[in-house]
Amino acid sequence: MDIPKKARAVIIGGGVIGCSIAYHLGKIGWKDVVLLERKQLTCGTTWHAAGLIAQLRATKNMTRLAKYSQELYQKLEKETGLSTGFKRNGSITVALTNERMEELKRSAGMARAFGVEIDEISPEEIAERYPTLKVDDAVGGLWLPKDGQADPVNITQALAKGARNFGVNIIQGTKVVDIDQSDSKVKGVMTTDGYIECDYVVNAAGMWAHEIGKKAGVAVPLHACEHFYIVTENIQGLTPNLPVLRVPDESAYYKEDAGKILLGCFELKSKPWGMNGISEDFEFDTLPDDFDHFEPILEKAIKRLPYMETAGIHTFFNGPESFTADDRYLLGEAPELKNFFVAAGFNSVGIQSAGGVGKVLADWMDQGNSQMDLWDVDIRRVQPFQNNRTYLKKRVSETLGLLYADHFPYRQVETARNIRLSPIHEKLKNLGACFGEASGWERANWFLPKTELKKGIMPKYEYSWKRQNWFQYSADEHNAIRNKVGLFDMSSFGKIKVIGKDAEDVLQRISANNVAIEPGKIIYTQFLNEAGCIEADVTITRLTLEEFLVVTPADTIHRDLNWIKQHIPDNANAVAIDVTVSEAVFIIMGPESRNFLQPITSNSLSNNDFSFASMQDIDIGYAKARAHRITYVGELGWELYVSNDMSNHVFDTIMKRNDDYPIKLCGLHAMDSCRVEKAYRHYGHDISNEDNVLEAGLGFVVKENKPDTKFGSMIGKNSIIQKRNEGFKNILLQFRLKDPESLLYHNEPIIRDGEIVGYLTSGNYGHHLKGAIGLGYIKCEEIGESTTSILASNYQIDVAGNKIDADVSLSPMYDPKSIKVKN
């Protein structure tokens, strides 16, 4: 087969995702785009997808992508002459428990904030919209009139035709066997029909994406699972054009099509597949039947929809679909290889996501950076160990079922745990820690008191949308931080050293704050993009004249390291190195932290001798450590950085001091509730690469007038100057519910004078402020609206359909002048 010798971009994979990317690259004018499919278009997973098209997703931007997909599928027929089979017949989700109904009510509020049409409906209204459905045990449900269904193969063929119309070369029957690279950048692909030199590669290979990634040295952690559904024979008397039906409490979904019912499931314990690879001749293949596995779902369905009892089964289907470790797909430029992009691992939402994914990835490739906040699905969140096949097999056996499980706040995964451990993990476990997982790290989220441990009670979550079993324990930890002293183990902090003669100039260009500080000083800063929006939120400590330590959350370490490396010029004498695992971090916080630490350290901790935002080397016990006076909870305190080999000794020294001066062991839930009270921002929730640093209320750290570096001026400088002059379109506010019983998590609508004007980006309970606290952006009524006008309005927060009055503030409600932090 003749293939081109050169291309601007090569897309690997001819499913709905690959064809959408090809379509959108062609649409924005890219020439010399080639799509390679090993067999035939749609032959992997796309051809057997159920074709459910929903609008509402877990975040605003995922919802935007799903809505765009719907709109695109509606327009494609007119553009290409090929029908996508898309119809808006609506969808119903049924709740069989009060907890599920609480989840649905909160989802409905979120949907309204995101501009999605939605209604809460009663069991009787469910029965009206879905005749014969058994609803006597239902609590209620949701109705989304603009949801629908479509034909996945037709969508793909329409996208492919549209791509060809734009000049994209789609080649079937050609397999990619290797990825060529030079100087950590894509150079070309080797195929079964020859070599193609190219500037960009997109890995949209579906189930094969993991293996394609390995050829490029890129981690693409996904694993196939068996996905089951049945299609009935024609059912006499079945109401036509029924809405899509989901009964998550029974792990089931239903789709009516041409008088038949497709019944599918996302069972709690799934069956991973393809552990030993996928056969070379796999093409439109199905997997062996396993009726015993599907039978519990069918039994419930027969009771739920009596038609199913007498309906014949036309097709029993079992086919593979790709799942990831966190049920979120993998998108974007791989941090390991420049111009190698990934779009894979869609966790059964590929059809409804494909249109939007194709658009944003094409824009990303064209502009050199994501044009919207895609952190939820950004491949830079991936940790290298997650590419381990044994880990993936174990984890995806759970994540498939989590799609329809109760989405309780703080819910933790249960499989493939205890991988990345702090040096003091076992000691914390014996002291009552209940651990949560983040990027593979086991971190203490809360502690069970000794009195409960002695009763034989185990530290374990009991999930609910109300106050969970650990609520009071975490409140006690929070109050210890506010009134006395507490300890956090934050060894999971991401730590990046930037070293070299040009380290200051490199960091000065990418940092909003002024990095030209004396050794031993610390700054809080953001990394900005050219639009003045936030790519990272970090602290930087100058260790020596040529060595800086960048500290970042565990989840963003690879994103932030990638951003720094991308902005080190070729002629710069500087390197960036991940040193996360070299040091443990113990954080001592609270108004009594100075009194607690002073007797066990060599240095004076007085305010004159050890000021805020500074670092010193100290002796503690028989060990050496670095003490950083900085905080994320809004109190006096120090972060102790200790080499791993001495960390147990330092912890033992601290706990020995505990015998004379009690210190409270505290978990991540207390840290979060303290930081929300202090209105400290959280990257990925309150701030992102779509949020302007000034509108986020962080202008106090932005020094756009600092001198230019040898590598140019501060990134985002011109946008910052423009924003300061023109005024704000949005502004981040802090809210406190006046009802002390209600709880906030995030995504609750913000109501200003009766109108929805935004939604909460963070939420937790403020135990010191005696109420639930939230942060969230509102749209200003006009650009540059005065703060007096903003604060004069009446505000409410929609909590599961209840409008709760709220206090509002631009400055932190707790210690607004940071007196506690700096004295």
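## Notebook: salt bridges, a sheet and a charged patch

I first looked up charged side chains and found K134, D136, D137, E250 and R304 linked in a network of salt bridges. I counted a salt bridge where a side-chain nitrogen of Lys or Arg lies within 4 Å of a carboxyl oxygen of Asp or Glu. By this rule I have 45 salt bridges.

I note that the model is predicted, that local features need pLDDT of at least 70 and side-chain atom pairs pLDDT 80 or more, and that totals for chains, interfaces and linings use all residues. Residues are numbered from 1 along each chain as its sequence is written, and side-chain values use heavy atoms, with hydrogens and water left out.

**Entry: salt bridges between separate elements**

I looked up K466 and found a salt bridge with E102, whose closest N and O atoms are 3.7 Å apart. K466 lies in the loop between helix 12 (450–453) and helix 13 (471–483) and E102 in helix 3 (residues 98–113), so this pair ties together parts that are 364 residues apart in sequence. Helices (H or I, at least four residues) and strands (E, at least two) are DSSP runs, numbered from the N terminus. For burial I used relative accessible area with a 1.4 Å probe and protein chains only: buried is under 20%, exposed over 50%, and partly exposed in between. K466 is exposed at 52%, whereas E102 is buried at 13%.

I next examined K497, which forms a salt bridge with E547, the closest N and O atoms being 2.9 Å apart. This pair links distant parts of the chain, with K497 in strand 23 (residues 494–499) and E547 in strand 26 (residues 547–552), 50 residues apart. K497 is partly exposed at 24%, and E547 is buried at 19%.

I also recorded R559 and E535, whose side chains meet in a salt bridge of 2.8 Å, N to O. R559 belongs to helix 15 (residues 557–566) and E535 to strand 25 (residues 534–544), 24 residues apart. Both R559 and E535 are buried.

I traced an open sheet of six strands with mixed pairing, in the order 29-30-31-28-22-32. Strand 29 (614–620) and strand 32 (664–665) stand at its edges with a single partner strand each, so one side of each has no neighbour in the sheet. I took two strands as paired if DSSP finds at least two bridges between them.

Strand 28 (residues 583–589) is largely enclosed by the rest of the structure, because seven of its seven residues are buried. On one side I listed E583, V585, I587 and M589, and on the other A584, F586 and I588. Strand 28 runs antiparallel to strand 22 (residues 486–489), joined by four bridges, and pairs in the antiparallel sense with strand 31 (residues 637–643) over seven bridges. I588 is the bridge partner of L487 and stands opposite W638 in strand 31. The partner of F586 in strand 31 is L640.

**Entry: loop residues with positive phi**

I found a phi near 60 degrees at N241, a residue other than glycine. N241 sits in the loop between strand 12 (222–232) and strand 13 (244–247) and is partly exposed at 45%. Y410, also not a glycine, has a positive phi of about 70 degrees. Y410 lies in the loop between helix 10 (389–402) and helix 11 (425–430) and is partly exposed at 23%.
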